[in-house]
Amino acid sequence: LAAAGVFTEGADGRFALTETGDRLRADHPHSMRAGVLFLAGPQRWEIWSGLMRSLRTGAPSVDRPPGQTIFGHYAANPADTAIANDAMRAFTVLQARAVLAAFDFSRFGTLMDVGGGTGEMIGSVLAATPLLAGMLFDLPHVVAGAGPVLERHGVADRCVCTPGDFFATVPGGANAILLKQVVHDWDDDRAAVLLEQCRLALPAGGVILILERVMPERAEPGLMEPFLLDLEMLVGPGGRERTEAEYHTLLGAAGLRITGITPTASPVSVIEARAG
């Protein structure tokens, strides 16, 4: 671990944490402990061990009961849910800074974060945009943990939390919908259903903001990380990363069109879409 930069070894043979190692502490304000446990824990070993099955079938690597997804597993396993929620918050903290530096949310009246987890992204946006009202929509066991996150950002009084299933219906009340790394969890058919539900929930002139990685059209040497993430989406939830052309096709199938793509300093871009 000293060779990997997690510890440093002193001349006296004693070891100490480096800055990288310090962020593996649970009490670090920008801890990545849950992120490491999420990416290298038992569930990752399980799903990646079935990589060949996924490559042959195009389906997730783990057989689950009919109708159940990896997200159903989290609902039934509180310990795994806690790690996943903490990991998503840690990843989102890094991305939120880059998104807020690149994109202006102040032109919207009410922003709804669909599939927004425990509220780290909507909390960050609301804290940086004082006149914006917020809504958080996700599965019941997920939004149940949003209170402390929104309180930490000081925006609990400006964000309504609503539980539900976005494949069944998305509530109205917002003129902009945010989907942060939600679309990539699903294959094209399911993703189109989700996007259509979001379109139906918006008023005329409403906007859907999709925060996703836009994949390169070709795999170039030295550009491995996005393609590993693409495989992660395949073996886990059964989703995929997409190129710009693939997003045009997917959004068109849901009755939407791309009106702009804003790159950020993080791997995700803001894909702006409207009905029509």
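I'll start with strand β7, residues 207-212, which is mostly covered: 6 of its 6 residues are buried, where buried means under 20% relative accessible area with a 1.4 Å probe, protein chains only. Strands here are DSSP runs of E with at least two residues, helices are runs of H or I with at least four, and both are numbered from the N terminus.

Before going on, this is a predicted model, in which local features need pLDDT of at least 70 and side-chain atom pairs count only at pLDDT 80 or more, while totals for chains, interfaces and linings use all residues. Residues are numbered from 1 along each chain as its sequence is written, and side-chain values use heavy atoms, without hydrogens and water.

Back to β7. Both of its faces are covered, with V207, L209 and L211 buried on one side and I208, I210 and E212 buried on the other. Strand β6, residues 176-180, runs parallel to β7 and is joined to it by 5 bridges; strands pair if DSSP finds at least two bridges between them. A176 has V207 of β7 as its bridge partner.

Next, the helices. In α2, residues 33-40, the buried residues are A34, G35 and F38. Seen down the α2 axis, they fall within an arc of 100°, so they line one face of the helix; the arc is that of the directions from the helix axis to the C-beta atoms.

Last, which residues of α6 and α7 make the contact? From α6 they are R89, T92, V93, A96, V99 and L100, and from α7 they are E120, M121, S124, V125 and A128, with contact meaning heavy atoms within 4.5 Å.

Note on methods:
Buried < 20%, exposed > 50% of the residue type's maximum accessible area, 1.4 Å probe, protein only.
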